[in-house]
Amino acid sequence: MNRLTQCMHGRGTVSSMMRHRQKPQADVPSACLAFSGMYRPVVFWNITDRCNLSCAHCYNRSEPDHATDGELSSAEARSVIDDLAATGVPLILFTGGEPLMRADIWELAAHARSRGLRMALSTNGTLITPGIARRIKESGIEYAGISLDGARARTHDRFRNSPGAFEKAIRAFSSCREAGLRCGVRITLTKENCHELEDVVDLAIAMGACRFCLYWLVPAGRGSESYARLQLDQSEVTSALGLLYRKAKETDPATMEFLTVDAPQDGIHLLASMEKDGSEDLADARLLLESLKGGCSAGTRVADIDARGNVYPCQFARSPEFLAGNIRERPFSRIWADPENPVLARFRQKDARFGGRCGTCSYRDLCGGGCRVRAYAAGGDFLAEDPFCFVRQP
């Protein structure tokens, strides 16, 4: 995750980061978690594989008729929450599928709240009515990330394979705002919607979103099948990053925060733009990126638990080769803390001998070699170069 706004408007963030590095994770402000130096992960938890939509890019292959056989029971899920609380994870992000389709989500949220855990929700927004928004807020969930993959109904609905999904998502923002629930926009940028990026940003601001999170497409799940057709080229990526930089520069950081996900190399683009602008925050931004010690959060600051209790380094590293364990066989805490776990060890080895451009790049200490999932998907070599990197090396 690349926190553009925090780096660009970050005077005071470095000193705050250093002040909180040795504190208990529960005492670290959410704005400093990414830079805290702690390796108790934010847990993305796919609590169900069911979804009322069937999106073209879904890494989980979720759909309305997806089987739920074998999903964790309520009792098993409560045990997972107990273990995560004992581990001291900073945040559980309930996702899916569509997490609001799991009948016991309110029970799970109440249990997590009783154990002192912070919670967020990743949702397509179509099920959020005013009453549901209030219930989310009352459950202790602090934030809802709502998917919006276009500034127009035609674009969003085509991507989500559901007529009317756009209008329902727009109403969800209104319902969350009225309930006093913080919410933000999540967009997966592709060739089919990149021309609407600026309009989506403007719409997000107009709706009162506090966060704008741009995801790049990853070849996982149905995203693998559409990857060649939908993935952006170098000029499109460069244009999108330039637009986000301009918008983040123009937007009051108290109004909305800008982030990108799934490409640690975006931090290099950010530093180059700040240097070109002569930004007073450049030195602090570099220190913040260096504090991440290798960019990618998979297997260190991020973990994924799927609906059947399988543990992965991140929500996109879901192939059988990246299975780290299952909580029905071993608690998450023991899987995560095992220094001999071969899957986690691979993702945590930041000094690995990468091939291709990543192997000779002078920026690798900042980005950690980009996304290993993309590298592996391109040719079966975990240590190959990230094919989605367009950084110009000096």
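Tutor: A residue is buried when its relative accessible area is under 20%. The model discussed here is predicted.

Student: How many of the eight residues of strand β6 are buried?

Tutor: Strand β6 covers residues 182–189. This strand is largely enclosed by the rest of the structure, because the count of buried residues among its eight is seven.

Student: Which strands pair with β6 in the parallel sense?

Tutor: Strands of a sheet pair through backbone hydrogen bonds, either parallel or antiparallel. Parallel pairing over five bridges links β6 to the strand of residues 143–147, β5; there, Gly 145 has Gly 184 as its bridge partner. Parallel pairing over six bridges links β6 to the strand of residues 211–216, where Arg 186 is partnered by Cys 213. The two strands are β5 and β7.

Student: Which are the edge strands of the open sheet?

Tutor: The sheet has eleven strands with mixed pairing, in the order β1-β8-β7-β6-β5-β4-β3-β2-β9-β10-β11. An edge strand here pairs on one side only, and this applies to residues 2–3 and residues 325–326. The edge strands are therefore β1 and β11.

Student: In β8, what is the bridge partner of Asn 2?

Tutor: β1 pairs with strand β8, residues 257–261, in the antiparallel sense. Two bridges make up this pairing. In β8, the partner of Asn 2 is Thr 260.

Student: Is Lys 247 buried or exposed?

Tutor: Lys 247 lies in helix α10, which spans residues 234–250. Its relative accessible area is 8%, and the cut-off for buried is under 20%. Lys 247 is therefore buried.

Student: Which side chain is joined to that of Lys 247 by a polar contact of 3.4 Å?

Tutor: Leaving out residues up to four places away in sequence, Lys 247 touches Glu 198, Val 201, Asp 202 and Phe 258. The polar contact of 3.4 Å runs from the Lys 247 side chain to that of Glu 198.

Student: How is α11 oriented relative to α12, roughly parallel or roughly antiparallel?

Tutor: Helix α11 (residues 266–277) packs on helix α12 (residues 282–291) at about 170°, and their axes are 10 Å apart. Angles over 145 degrees count as roughly antiparallel. The angle therefore makes α11, relative to α12, roughly antiparallel.

Student: How many residues of the contact of α11 with α12 are nonpolar?

Tutor: From α11, the contact involves Gly 267, Leu 271, Met 274 and Glu 275; from α12, Leu 282, Ala 285, Arg 286 and Leu 289. Two of the contact residues are charged and one is polar, while the number of nonpolar residues is five.

Key:
Residues numbered from 1 in each chain as written. Predicted model: local features only at pLDDT ≥ 70, side-chain atom pairs only at ≥ 80, totals over all residues. Heavy atoms only, no water. Helix = DSSP H or I, 4+ residues; strand = E, 2+ residues; numbered from the N terminus. Buried < 20%, exposed > 50% of the residue type's maximum accessible area, 1.4 Å probe, protein only. Polar contact = N/O pair within 3.5 Å; in protein donor to acceptor, adjacent residues only side chain to side chain. Contact = heavy atoms within 4.5 Å. Axes fitted to C-alpha atoms, helices over the stretch in contact; angles between N-to-C directions. Parallel < 35°, antiparallel > 145°, perpendicular 65-115°, else oblique. Nonpolar A, V, L, I, M, F, W, Y, C, P; charged D, E, K, R; others polar.
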